[in-house]
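Here's a quick briefing to read with the model open in your viewer.

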Amino acid sequence: MSPPSHFKLNTGALIPAVGLGTWKSEPGEAAKAVAYALKTGYRHIDAALIYGNENEVGQGIRDSGVPREEIFITSKLWNTHQPNVKEGLQKTLDALGVDYLDLYLIHWPVRLVPNETSDLLPVNPDGTRAVDRSWDQSETWRQMEEVYKSGKVKAIGVANWSIPYLEELRKTWTVVPAVNQVELHPFLPQHELRAYCDKLGILLEAYSPLGSTGAPLMSDPEIQQIAKKNGVSPATVLISYHVNKGVVVLPKSVSEKRIASNKEVVELSGEDLATLDGMAAKGKAKRLNTPLWGFDLGFDDWYGPKQAATSSS
């Protein structure tokens, strides 16, 4: 049986199983990458305001010639816009040049307070992030539900949310998040979070599925062995891993060759999936993206601020 090409959201809408990630796509590269991906069969683009390239993503969509209604477009509400979801959404719609999104996510369960240092990544005088720890995330979600009901977004969800944060939000939500987009790969399989989200009908999406620059995933001997056995590349194994597990996967690339090959999904055996699922427990656990918010976000494997990187997927 071939792996699925789409999954169904709790709204009833279909979402393509493989999408093009646009995080870290540099100026001058994003538009070409998006246009090429859409021309070669992708129908799912994952964007975010904080990536700083939504104008280019929108240009790529237009350059592709693919009708808007055939494309599943996701973007994310940035932390500084949590008190005004409509405003954050409008900035994204204007940048992309579209009238609606297929999916809109709260990027992090963290509110940042803009100040004279930055509108997007403000810092305090001591150099720490200007985080509002008193902010109630249920208020952000209430506004997300409003834009959902307005029709400007067809589905709403979250990104980088752990079980404790979802449990808190669950007390007040009237619309269940359609998606939780998190870092996900064999070194960070998030088994408990996956089971929790499955129970509530929340679809997981995997960002950084191939790791990132310098990450050991692609060169791992077990992953290479599975790739050799299946006659595919390690990247295809890592992408196929998620689709075989019922997870949307969002590989990022600006290389035409890799964009094309990242679409390939193969069926993996139960034995292969068990091997991939068990890697973290054998001592290979590794999180690649731990932004410096200054507090723990409730993931079991969250390393905390001392080991934090400054990335912002």
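Two strands count as paired if DSSP finds at least two bridges between them. By that test, strand β7 (residues 156-159) and β8 are partners, running parallel over 2 bridges. Keep in mind that this is a predicted model.

**How the chain crosses over**
- β7, helix α5 (residues 163-170) and β8 form a β-α-β unit, and its hand is right.
- From β8 the chain makes another right-handed β-α-β unit, with helix α6 (residues 191-200) and β9.

**Histidine 185**
- Look for histidine 185 in the loop between β8 and α6.
- Is this histidine 185 buried or exposed? Histidine 185 has a relative accessible area of 0%, and buried means under 20%, so it counts as buried.
- Its side chain makes a polar contact of 2.7 Å with the side chain of glutamate 183.
- Leaving out residues up to four places away in sequence, histidine 185 touches Ser208, Pro209, Leu217, Tyr241, His242, Lys286 and Leu288.

**Helix α8**
- Helix α8 (residues 234-244) is mostly covered, with 9 of its 11 residues buried.
- Among those buried residues are Tyr241 and His242, and both of these are touched by histidine 185.
- The other buried names in α8 include Ala235, Thr236, Val237, Leu238 and Ile239.
- After α8 comes glycine 246, which has a positive phi, near 80 degrees.

- The protein chain has an average pLDDT of 93, and 96% of the residues score at least 70.
- Over residues 303-312, though, the pLDDT is below 50; this stretch has 25 contacts in the model beyond near neighbours in sequence.
- In the protein chain, confidence is highest in strand β6 (residues 103-106), at a mean of 99, and lowest in helix α9 (residues 256-261), at 95.

Key
Residues are numbered from 1 along each chain as its sequence is written. Side-chain values use heavy atoms; hydrogens and water are left out. Helices (H or I, at least four residues) and strands (E, at least two) are DSSP runs, numbered from the N terminus. A crossover is right-handed if, with the strands pointing away from the viewer, the path from the first strand over the helix to the second runs clockwise. pLDDT is the predictor's confidence in each residue, from 0 to 100. Contact means heavy atoms within 4.5 Å. Buried means under 20% relative accessible area, exposed over 50%, partly exposed in between (1.4 Å probe, protein chains only). A polar contact is a pair of N or O atoms within 3.5 Å; within protein, one must be able to donate a hydrogen and the other to accept it, and residues adjacent in sequence count only if both atoms are side-chain atoms.
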